[in-house]
Structure formats: structure tokens, C-alpha cells
Amino acid sequence: MAALLRRLDDTRKRFFPGLCVAATIGIAASFLSQHYGAPAMLMALLLGLAFNFLSEESQCAPGLQFSAKTLLRLGVALLGLRITFGDVLTLGWQPMLMVCSAVVLTITFGVVMARWLGFSSAFGTLTGGSVAICGASAAMAISSVLPNSEQAKRDTLFTVIIVTTLSTLAMIFYPMISQALGLTGQEAGLFLGATIHDVAQVVGAGYSMSEEVGDLSTFVKLLRVAMLVPIVMTIGIIIRRAASKQGNGNESGKVAIPGFLIGFVVLFIINSLGWLPQQLAGQLADSSSWLLLTAIAALGVRTQLKDILSVGWKPVLLVVLETVFIALLILSYLLLTH
């Protein structure tokens, strides 16, 4: 018993400084978001970058790594509590097919454009998946199954910054576009939910138009969130099989399913079956935002700002093109079926 207590105390001493730094930055980002309307994810990332000097402190490093990896995966798993089977069935099969097709086509477009601009397929998958699914959360989930490197870490940070920025701009301008095109409430809800990157910005844009638009856009957005599991699993399988063929993977060719994706599916099923009290499910779902906020703050602390600023204009162009692509794709569908 005494040995167990000593191990727990050693673990606390090892991880607490870095965890405390990441959590404090996350709280500050949440405060700025609530009082000044700034995107919480973006604020957490920028504040984290400002405290990069702490990453050089050996006391903070283990906790920051734990926050950026373990807390991230736990937060993604808890996203499964944000959607139920009922939410999906409410939409009907045609909008569901449209949204799922748009996700796949946008990722494919991202990979093709990335190669055309001189980037790797992995970078196109990362940016395309972020735009297509759920912004910063998708970027971090996808990055967790991509080959680990310093370049991959910089790509993830860049993607989070640009996707969150574009999502904020979309929250402002997409409702105006919906009104200018004369979209009905249902069409506007589908447009906003299927094109804006982050959940928070979808909610802001939808309810700024009406309660009907807000409800529908949130449902559509959560359907895109549900696509996170099959997409990330597919990416992981492709990456591992490619590594196996090159002699860098396991010889058996077996593909391990990430635990956080299993957790996502299990929680989605449990929530759909009503096995969790609604209040508890809501609290756990809200905690996913806090965990992701803490994880992205830690990621920011561990990243050099100069690495992000040196990416050039081509990566920005890539994400902008992906954003325009999914918006035009959804608008074309809505206008053709109007």
C-alpha cells in the first residue's frame, strides 16, 4: 500500500506542473471566449504559443505531453455523447447522403490539391479532414494516427489556426449568404451545418438566424462529427498498411483500432440507448470541450511560433480552397433541389 501511494505521489509530481500550465491556459481561453466572443480553441492555441518557453522546463514537459496526447484522445472519445441515433434519423436519408458525400469528396479534394501544390498526401488529408468534419477537433484526431514527426506537429498547429479562423469568418458571413440566396430555414440549416468547420461556430451562426435554423444546423454538424470515427479509422488503416509494405509496420499486417475511436463508438451507442442519465451525459459531453481545450493549449506551448509563421502562403491557399469547395458543393445541391 505504501509503495502504491509513493508511485501515485511520484506520478502526481511528474505530471502536475505541465497539466496545471495547460489547464490554466485553457481556463483563460474560455474566459476570453465567453466575455469577448473569441473562438476558445484559437485563444488556447495562441496563449499556449506565448508560453512556449515553459516547454523547455523539464518539470513541465511530461504533463504537457500527457495533456497534448492522452487528454486529447479522451476528449475526442467523449464527443460520442454529443450525438444519438435519433439525431441522425431526424435528418432523413437524402441530407445524410449529401453530408457524408461532401465529407468524403472534400477530403479527396484536399489530397489532390495538396499534391498539386507540392505537399504530402498526409497534409492534404489533415487539412481536408479538418474542413470536412469538425475543424480543430478533427485536425487533432487525424494527426494522432498520422506518422509522428516535428513536421506533423507543425502541420497540425497550422491547420488548427487557419481552420478556426476561417470557421469564425464563416460564422459571420454564411448567414448573410443564406439570406442573399433566399434559402429557406431548412436549407439554411443544412448549409450552415454542412459547411462551417467548428461546432461552436455552427451554433453561433445557426441561432443568429432563428431557432429552427440553429437546431437543424447543429444536428447536421453532429452528423459530420459522427463521420470522425470511420474517417480516422480508414486513415489509420491506410497509413499502417503503407508502413507495413515499406517494412516499417508489423509483419502480420494487423491494424490496431485506436482506443479513443472505440470509446467514441461505445459512448455514442450508450447515449443513443439512453443508458446514461441525461444530466450526466450532458456534463460528460461538456467536459470533452474542456479536455480538447487543455490539449490544444499544451500543443501550443510545445510549438515554436516561428515554425508556424514560416509555412508560407500555399498551405493557407489549400485550406481556403477546401473551404470554398465544400461550400460550393452544398450550395449547388441546395439550389438544384430548391
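1. A patch, as used here, is made of residues with over 30% relative accessible area and no salt bridge, with like charges joined within 9 Å and nonpolar side chains (Val, Leu, Ile, Met, Phe, Trp, Tyr) within 5 Å. A salt bridge is a side-chain nitrogen of Lys or Arg within 4 Å of a carboxyl oxygen of Asp or Glu, and accessible areas come from the Shrake-Rupley method with a 1.4 Å probe.

2. The model is predicted, so that local features need pLDDT of at least 70 and side-chain atom pairs count only at pLDDT 80 or more, while totals for chains, interfaces and linings use all residues. Residues are numbered from 1 along each chain as its sequence is written, and side-chain values use heavy atoms, with hydrogens and water left out.

3. L169, I172, F173, M176, I177, L181 and L335 make a nonpolar surface patch of about 600 Å². Helix α8 (residues 150-180) contributes the most to this patch, with 5 residues; helices are DSSP runs of H or I with at least four residues, numbered from the N terminus.

4. I172 lies in helix α8 and is partly exposed, at a relative accessible area of 42% (between the limits for buried, under 20%, and exposed, over 50%).

5. Axes are lines fitted to C-alpha atoms over the stretch in contact, and angles run from 0 to 180 degrees between N-to-C directions.

6. Helix α7 (residues 135-143) and helix α14 (residues 278-301) pack at about 65°, with axes 11 Å apart, which makes α7 roughly perpendicular to α14.

Conventions:
Helix = DSSP H or I, 4+ residues; strand = E, 2+ residues; numbered from the N terminus. Buried < 20%, exposed > 50% of the residue type's maximum accessible area, 1.4 Å probe, protein only. Parallel < 35°, antiparallel > 145°, perpendicular 65-115°, else oblique.
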